[in-house]
Amino acid sequence: MKNISLEERFLSTKGRINRKIFILYAISFILFCLFLIIPTLLIVISTTDETIVDISASIVSTLIELALLPSLFLGIKRLHDLDKSAVWIVLYVIPLINILFFIYLCLRRGTIGDNKYGKDPLTLDL
């Protein structure tokens with residue numbers, strides 16, 4: 001089994017990932033957001049102090065934005081699995097199209113066998 005660092009796995013555009021890894025990260029990202037947003041909403045509802053609301057909202061939005069960074073890299077790797085260029089990741093920022101694009105990345109089977117971006121992730125021993 002090959003040891004891959006977290007940086008190589010989540011902060012690199014080299015290689016390919018399959019649907020399972022992509023979907024598992026998406027689920028963990030959603031749970032992470034809920035874990036942050038629910039307490040923040042409770043703070044907003046329970047306090048009248050604008051400073052506390054602003055600080056908590058700023059912290060939560062910063063953490064969510066930082067968690068979005070690996071999703072861009074994983075999206076690029078997923079595109080590589082589909083034998084598409086990383087340029088297509090731009091579709092993530094177009095409202096409504098980004099939802100369809102995400103569904104496409106989750107459902108579309110990757111290229112069978114090796115392609116120009118690397119070996120088939122289903123045959124790799126990670």
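Me: Which residues does Thr40 touch, not counting residues up to four places away in sequence?

Reply: In this predicted model, Thr40 touches Ser56, Ala57 and Val60 once residues up to four places away in sequence are set aside. Thr40 itself is found in helix 2.

Me: Why is Thr40 called buried?

Reply: The relative accessible area of Thr40 is 12%. A residue counts as buried when this value is under 20%. Thr40 is therefore buried.

Me: What makes Leu41 partly exposed?

Reply: Leu41 is also found in helix 2. Its relative accessibility is 48%. Exposed would require a value over 50%, and buried a value under 20%, with partly exposed in between. Leu41 therefore counts as partly exposed.

Me: Why are helix 2 and helix 3 described as roughly antiparallel?

Reply: Helix 2 covers residues 19-46 and helix 3 covers residues 50-81. Their axes come within 10 Å and cross at roughly 175°. Angles over 145 degrees count as roughly antiparallel. Helix 2 and helix 3 are therefore roughly antiparallel to each other.

Me: How many nonpolar, polar and charged residues form the contact of helix 2 with helix 3?

Reply: The contact divides into 19 nonpolar residues, four polar residues and two charged residues.

Me: How do you know which pattern the protein follows along its sequence?

Reply: The protein has four helices and zero strands. Read along the sequence, this gives the pattern α-α-α-α.

Me: How does the radius of gyration of the protein stand against that of a compact globule of 126 residues?

Reply: A compact globule of 126 residues would have a radius of gyration near 14 Å, whereas the protein has 18 Å. The extent can also be given as a box: along the principal axes, the C-alpha atoms fill roughly 60 × 35 × 20 Å.

Me: What share of the 126 residues counts as buried?

Reply: Of the 126 residues, 29% count as buried; Thr40, at 12% relative accessible area, is one of the buried residues. The protein exposes about 8600 Å², and carbon and sulfur atoms supply 70% of that area.

Me: What share of the contacts with a separation of 6 or more comes from residues 24 or more positions apart?

Reply: Such residues account for 72% of the contacts in the protein with a separation of 6 or more.

Terms used:
Residues are numbered from 1 along each chain as its sequence is written. This is a predicted model: local features need pLDDT of at least 70, side-chain atom pairs count only at pLDDT 80 or more; totals for chains, interfaces and linings use all residues. Side-chain values use heavy atoms; hydrogens and water are left out. Axes are lines fitted to C-alpha atoms, for helices over the stretch in contact, and angles run from 0 to 180 degrees between N-to-C directions. Helices (H or I, at least four residues) and strands (E, at least two) are DSSP runs, numbered from the N terminus. Angles under 35 degrees count as roughly parallel, over 145 as roughly antiparallel, 65 to 115 as roughly perpendicular and the rest as oblique. Ala, Val, Leu, Ile, Met, Phe, Trp, Tyr, Cys and Pro count as nonpolar, Asp, Glu, Lys and Arg as charged, and the others, Gly among them, as polar. The radius of gyration is taken over C-alpha atoms; the globule rule is 2.2 Å times the number of residues to the power 0.38. Buried means under 20% relative accessible area, exposed over 50%, partly exposed in between (1.4 Å probe, protein chains only). Contact means heavy atoms within 4.5 Å. Accessible areas come from the Shrake-Rupley method with a 1.4 Å probe; for residues, only the protein chains shown count as cover.
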